[in-house]
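Colleague: Could you take me closely through the salt bridges of this model, and say where the partners sit and how far they are shielded from solvent?

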Amino acid sequence: EERKGEGLGKAWLFFGCRHPDHDYIYRDEIQSFLDDRTLTRLSVSFSRYTPPPSPPSLVTPTHSPSPTHTLTNPTCHTGTVTSRGYVQDALRLHWREVCVWMVEEGASVYVCGDVQNMARDVHQALRSMLDRYFLERKGFTYK
């Protein structure tokens, strides 16, 4: 029997929904794609989620906290879950790596979410990311 994920190459899914407890309905299916290595990496963005406050620390931080809170999903051994944001924000956060994956390694990058509200913004983010990548690496812009 052919094993899932073999021969597919690297695949990164950027998934967006409003809240992890209300409409992240494909959580188990997506996790199974990570487990069987159909997906190499996962970034999930929740546009209407605010994480609970962290308990006070007894240790004084030596650096200022990051303005973007990142939450790691304990059931997701690979990937990043952004606590509050949009798919296009996650793409921009990982822009260089995404471009290297697509252009140099021939990897697949998938985007899943609300087409009516996010497609234009995701398209613009990808265009600007590729423009920046090609300008930095190749000396010309992507058209």
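Modeller: Let me begin with the pair formed by Glu104 and Arg137, whose side chains meet in a salt bridge with an N to O distance of 2.5 Å. This pair links distant parts of the chain, since Glu104 belongs to helix α3 whereas Arg137 belongs to helix α4, which spans residues 115–138, and the two are 33 residues apart. The model is a predicted one, and the distances and accessibilities given here are to be read with that in mind. Glu104 has a relative accessible area of 44% and is therefore partly exposed, and Arg137, at 42%, is likewise classed as partly exposed.

The side chains of Arg132 and Glu136 meet at 3.5 Å, N to O, and both residues lie in helix α4, four residues apart, or about one turn of the helix. That distance counts as a salt bridge because the cut-off is 4 Å between a side-chain nitrogen of Lys or Arg and a carboxyl oxygen of Asp or Glu. Arg132 is partly exposed, with a relative accessible area of 44%, and Glu136 is also partly exposed, at 44% relative accessibility.

Arg41 forms a salt bridge with Glu97, and the closest N and O atoms are 2.7 Å apart. Here too distant parts of the chain are linked, with Arg41 in strand β2 and Glu97 in helix α3 (residues 95–104), 56 residues apart. The two partners fall into separate accessibility classes: Arg41, at 17% relative accessibility, counts as buried because the limit for that class is under 20%, whereas Glu97, at 33%, counts as partly exposed.

The pairs described above are among the seven salt bridges that a search of the whole structure finds.

The C-alpha atoms of Thr50 and His19 are separated by 8.8 Å, although the two residues are 31 residues apart along the chain.

Conventions: Residues are numbered from 1 along each chain as its sequence is written. This is a predicted model: local features need pLDDT of at least 70, side-chain atom pairs count only at pLDDT 80 or more; totals for chains, interfaces and linings use all residues. Side-chain values use heavy atoms; hydrogens and water are left out. Buried means under 20% relative accessible area, exposed over 50%, partly exposed in between (1.4 Å probe, protein chains only).
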